[in-house]
Amino acid sequence: MKSSIIRVRIAPSPTGFVHVGNLRTILYNYLFAIHEKGKFIIRIEDTDQSRLVPGAIENLLQSLQWAGIEGEEGPYLTKDNKVKERGEFGPYTQSARLDIYNTHIKTLLDKNKAYYCFCTKQRIDDLRDEQRKQKLPPKYDGFCRNLSKTEVQSLLNSGTPHVIRFKMPENKQVIFEDLIRGQISVKTKDMDDYVLIKSDGFPTYHFANIVDDHLMKITHVLRGDEWIASTPKHALLYEAFGWHAPVFAHLPVLLNKNGKKLSKRDGDVSVQDFIDKGYLKEAIINFIALLGWNAGTEQEIYTLNELTKQFSLDNVHKSGAVFDVDKLDWINGMYIRKLSLDDFYEQCLPYLIEAKLIIEKNKKLVIKDTGEEIKSSYLKNILALEQTRIKKFTEVGEVLEFFFKKELDYDPKKLVWKKSNKTDSLKNLKLLEKLLNEINESDFSSENLKKLITALLQENNIDTGSMLWPMRYALSGRDNSPDPFEIAQALGKEKTVERINLAITKLM
RNA sequence: GUCCCCAUCGUCCAGUCGGUUAGGACGCUGGCCUUUCAAGCCAGUAACAGGGGUUCAAAUCCCCUUGGGGACGCCA
């Protein structure tokens with residue numbers, strides 16, 4: 001009975017992709033479990049057969065794997081991407097537990113805590129319409145509540161469709177303790193004789209959830225806010241069975257910019273969408289962990305490991321948190337800057353291919369515009385210049401495009417620095433061209449170029465800007481870019497000179 | 001309509017036993033650096049929803065109002 005080990009579960013229904021809000025609930029469950037040295041369990045709640053989406057379980061498990069979150073019990077993905085189950089409290093998929101629900105509903109029926117209801121869908125709908133019209137709370141009226149045993153038996157014998165409802169006790173105050181919100185109290189007169197078993201023989205969430213949580217020895221239920229109103233129903237069910245209820249903790253929801261619950265209507269909210277947009281898992285996890293929780297310190301950047309060490313339900317907020325993309329971008333930028341160059345390269349490559357700047361040909365990388373083969377070491381040098389400049393990987397294509405163009409297309413007027421003029425710019429570029437031509441290919445490093453060009457400026461008494469701005473513009477064709485010396489080094493002598501020449505032509 | 005829950009800068013969070021110039025971060029603005037943009041550093045901007053209590057003292061405790069959210073399915 002008394003088990004000191006904490007067991008928490010996540011109970012997703014396989015009805016689509018994993019939403020960031022789900023991911024946060026999952027994350028908090030995981031953090032709590034690991035922090036408390038407990039068990040983290042996955043259970044699939046597929047009792048609504050009409051809403052099942054093929055591949056949703058695989059998608060869920062992949063998303064967890066991506067996030068670095070692993071369940072100790074329940075379904076998992078094998079190396080060849082098959083779904084298998086592990087753990088001693090299985091099966092962990094509700095559709096495989098129908099027998100269990102059947103034996104448990106019998107106990108409730110025998111205890112007179114539940115009853116058969118033969119009301120048609122039509123009657124229930126009409127009833128609710130009428131109640132709404134009269135501005136009454138919609139509720140089942142208990143029509144079948146007191147059917148005699150013989151009436152029930154004969155209806156069952158004739159195969160009349162039916163559901164099984166919970167017999168809500170009358171005039172009772174239900175009080176439960178929520179770890180985050182404290183005591184919550186509801187009167188049974190405000191609750192319905194809700195359905196336990198549907199007419200297709202499948203249990204509802206309310207029933208299956210309670211039976212499974214009990215059988216799987218779940219000690220803490222951390223779930224979304226939207227369940228708070230159903231928790232008294234659940235508490236009553238535990239009571240009807242004579243079971244101890246787990247500890248409940250209802251997590252605040254994620255909101256959109258308008259303060260409404262974040263939903264599909266707000267655009268891309270699935271975890272996959274964020275991955276596609278070029279966010280790092282570390283950034284997403286860090287960000288959503290902080291939405292509704294903090295350690296009481298001023299730390300903003302956390303690894304998953306640090307989170308598991310510091311996480312506590314004591315510091316979880318009660319109110320919903322707005323999902324602010326600006327802050328996500330900032331955090332993502334922080335993580336991008338921390339990446340090693342190799343990792344940064346690995347992350348960026350798919351986006352460069354996606355942006356159609358680079359194509360893969362016979363396992364070689366080729367610049368699409370020029371057809372030249374490109375070495376990964378070269379690509380890394382270029383990427384290094386942008387690592388502090390992007391906030392998400394989707395930006396890498398645009399910002400790097402100029403490196404891969406055969407010929408740059410820009411407005412010649414832009415070659416002139418704001419404090420300079422056309423004549424000087426042209427003169428300076430010609431001086432620069434002459435100098436560059438004299439430098440050996442092997443000496444074309446940014447440091448050396450900087451040294452030589454600085455000397456050139458001093459020698460001729462030229463303003464830094466009136467030389468470096470045209471140079472930078474000639475090489476990048478962009479208002480904003482990295483340092484001209486860095487670009488020149490990355491481009492190499494030939495292309496650098498070529499671009500300077502082009503600029504001279506454009507200015508003349 | 002009924003029930004439940006929530007309320008500190010624009011946003012995310014500190015402020016958990018009542019006493020703070022109400023703190024940090026994102027964003028925004030300005031500065032430094034500087035050839036541009038980032039990055040980095042520095043500075044500034046901005047909040048206790050309102051009203052009553054309790055108290056020597058309230059962002060903090062209590063009540064009301066207002067505002068917001070959620071639930072009221074044979075969905076989860």
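Author: On a 1 Å grid over the protein atoms alone, a pocket is an open set of points where a 1.4 Å probe fits, with protein on both sides within 12 Å along at least five of seven lines, and its lining residues have an atom within 4 Å of a point. The model is predicted, so local features need pLDDT of at least 70 and side-chain atom pairs pLDDT 80 or more, while totals for chains, interfaces and linings use all residues. Residues are numbered from 1 along each chain as its sequence is written, chains are lettered from A and ligands numbered from 1 in the order written, and side-chain values use heavy atoms, without hydrogens or water.

Reader: Thanks! How many residues line the largest pocket?
Author: Start from its centre, where Pro12, Ser13, His19, Asn22 and Glu226 lie nearest. Counting the whole lining of the largest pocket gives 50 residues.

Reader: Which element supplies the largest share of the lining of the largest pocket?
Author: Helices (H or I, at least four residues) and strands (E, at least two) are DSSP runs, numbered from the N terminus. Elements that each supply at least two residues of this lining include strand S1 (7-10), helix H2 (56-67), helix H6 (205-215) and strand S10 (220-224). The largest share is 6 residues, and it comes from H1.

Reader: Let's turn to the RNA. How many residues surround RNA strand B?
Author: A residue is near the strand if one of its heavy atoms lies within 4 Å of it. The closest to RNA strand B are Lys135, Lys198, Lys260, Gly292 and Asn294. In total, the number of residues surrounding RNA strand B is 60.

Reader: Which residue has a side-chain N or O atom 2.5 Å from a base nitrogen of RNA strand B?
Author: A polar contact is a pair of N or O atoms within 3.5 Å. A backbone N or O atom of aspartate 479 is 3.0 Å from a sugar or linking oxygen of the RNA, and a polar side-chain atom of lysine 327 lies 3.2 Å from a base nitrogen. The side chain at 2.5 Å from a base nitrogen is that of arginine 389.

Reader: Which element gives the most to the surface near RNA strand B?
Author: Strand S8 (182-187), strand S13 (321-322) and helix H11 (325-338) are among those that each supply at least two residues. The greatest contribution is 5 residues, from H17.

Reader: Which residue in S8 stands opposite phenylalanine 176?
Author: Strands pair if DSSP finds at least two bridges between them, and 6 bridges join S7 (residues 173-178) to S8 in an antiparallel arrangement. A hairpin of 3 residues connects S7 to S8. Across from phenylalanine 176 is isoleucine 184.

Reader: What is omega for the cis peptide bond between glycine 90 and proline 91?
Author: Most peptide bonds are trans. Proline 91 sits in the loop between strand S4 (83-86) and helix H3 (98-110). The omega of its cis bond to glycine 90 is about -5°.

Reader: Is lysine 37 buried or exposed?
Author: Lysine 37, in the loop between H1 and strand S2 (39-42), has a positive phi of about 55° although it is not a glycine. Exposed means over 50% relative accessible area (1.4 Å probe, protein chains only), and buried under 20%. At 68%, lysine 37 is exposed.

Reader: What is the relative accessible area of asparagine 461?
Author: Asparagine 461 lies in the loop between helix H16 (446-460) and H17, with a positive phi of about 60°. Asparagine 461 is exposed, and its relative accessible area is 72%.

How values were computed: Polar contact = N/O pair within 3.5 Å; in protein donor to acceptor, adjacent residues only side chain to side chain.
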